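Subject: Structure handover

Hi,

Here's the structure I promised to pass on. Have a look around first, then read on for my notes.

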Amino acid sequence: EQEDCVGRFIPLPSPFLGKYANRHCASNNNLLLVGTSIRFRFLRISSTPQPSQYLRYLKDKVSFIGNLTKKPKGCTVYRPYGRGHNDINDARFIETRCPGIAIMEECDHKHFIENHLLKCRLLVLDHNSTTLNVALAANIPTVCFWEDDAWSICRQAQPHFDKLKECKILFHDPVQAAEHVNRVWDDVSAWWNDEKVQQSRREWVGLFALNSRLWWMDWIKILSRL
């Protein structure tokens with residue numbers, strides 16, 4: 001279901017996500033903060049923030065970093081949006097306002113998932129995007145924060161976002177998100193592997209990040225009936 005839209009929706013596993021299912025294996029100490037495209041122009045059809053809301057988005061990013069304690073802040077690597085031209089250079093923005101934070105080089109964006117996302121100690125998302133589905137499918141410890149009114153979601157999905165809030169995966173206040181990171185940093189796996197957290201993650205994946213290594217079998221079964 002998608003609001004009141006009428007349609008015939010058939011859920012099938014994503015071939016893309018199937019490549020990364022449960023493949024997280026922390027091999028570095030990075031807190032990977034991933035940003036998104038910042039547009040100060042209106043889009044005709046979009047669930048992304050309005051131009052004025054991106055100003056808050058930038059401030060929240062700086063607020064999050066500023067409220068990290070020494071250990072997680074020292075391990076933070078910022079990954080700016082690299083698949084297009086932003087209205088603002090967010091890498092330069094972070095360098096100016098958060099001196100000392102490592103910025104991922106553009107050459108590292110090509111194999112970002114394999115070389116960085118799957119290997120980080122903790123992933124932090126400051127926006128609602130496909131990366132969230134990749135992260136939860138791959139079972140990457142993930143903390144999210146974004147302004148509640150800035151990212152539109154359908155009413156059928158709201159209860160599942162609420163569950164992410166309950167287990168402290170999702171916050172709408174960057175300071176609270178940073179405080180949570182500070183609390184769990186010394187033992188991220190203890191929080192992430194808590195049964196309540198994992199149950200919420202599995203439910204999310206089953207609804208929004210469905211995957212299978214043998215995805216093609218499901219596709220053949222359904223396509224043969226249509």
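This is a predicted model: local features need pLDDT of at least 70, side-chain atom pairs count only at pLDDT 80 or more; totals for chains, interfaces and linings use all residues.

Rolling a probe the size of a water molecule over the atoms shows where empty space is left. Searching the whole structure this way turns up two cavities of 30 Å³ or more. The largest cavity holds about 80 Å³ of space. Its lining is made of Pro49, Gln53, Arg56, Tyr57, Asp60, Asp126, Phe145, Trp146, Glu147, Ala150 and Trp151. Which helix gives the largest share of that lining? That would be α2 (residues 51-66), with four residues. By class, the lining of the largest cavity splits into six nonpolar, one polar and four charged residues.

**The open pocket**

The largest pocket has about 1,400 Å³ of space. It's lined by 50 residues, and if you want to find its centre, look for Asn128, Ser129, Thr130, Asn133 and Phe208, which lie nearest to it. Four helices, α5 (112-115), α6 (130-138), α7 (158-166) and α10 (195-208), each put at least two residues into the lining of this pocket. Of the contributors, α6 gives the most, with five residues. The pocket lining counts 24 nonpolar, 19 polar and seven charged residues.

**Two helix pairs**

Two packed helices are described by the angle between their axes and the distance between the axes.

Start with α2, the helix from the cavity lining. It packs against α4 (residues 90-97) at an angle of about 45 degrees, and the two axes are 11 Å apart. Because of that angle, α2 counts as oblique to α4. The crossing of this pair is right-handed. On the α2 side you'll see Leu58, Lys61, Val62 and Ile65, which meet Phe93, Ile94 and Arg97 in α4. That contact has five nonpolar residues, no polar ones and two charged ones.

Next come α6 and α10, both of which also supply residues to the pocket lining. Their axes come within 9 Å and cross at roughly 125 degrees, so α6 is oblique to α10 as well. This crossing is left-handed. From α6 the contact uses Leu132, Asn133, Leu136 and Ala137, and from α10 it uses Arg201, Trp204, Val205 and Phe208. Sorted by class, those are six nonpolar, one polar and one charged.

Cheers

Methods. Residues are numbered from 1 along each chain as its sequence is written. Side-chain values use heavy atoms; hydrogens and water are left out. On a 1 Å grid over the protein atoms alone, a cavity is a set of points where a 1.4 Å probe fits but cannot get out, and a pocket is an open set with protein on both sides within 12 Å along at least five of seven lines; lining residues have an atom within 4 Å of a point. Grid points are joined across faces, edges and corners, and a volume is the space filled by probe spheres set on the points. Ala, Val, Leu, Ile, Met, Phe, Trp, Tyr, Cys and Pro count as nonpolar, Asp, Glu, Lys and Arg as charged, and the others, Gly among them, as polar. Axes are lines fitted to C-alpha atoms, for helices over the stretch in contact, and angles run from 0 to 180 degrees between N-to-C directions. Angles under 35 degrees count as roughly parallel, over 145 as roughly antiparallel, 65 to 115 as roughly perpendicular and the rest as oblique. A crossing is left-handed if the near helix is turned anticlockwise from the far one by less than a right angle, and right-handed if clockwise. Contact means heavy atoms within 4.5 Å.
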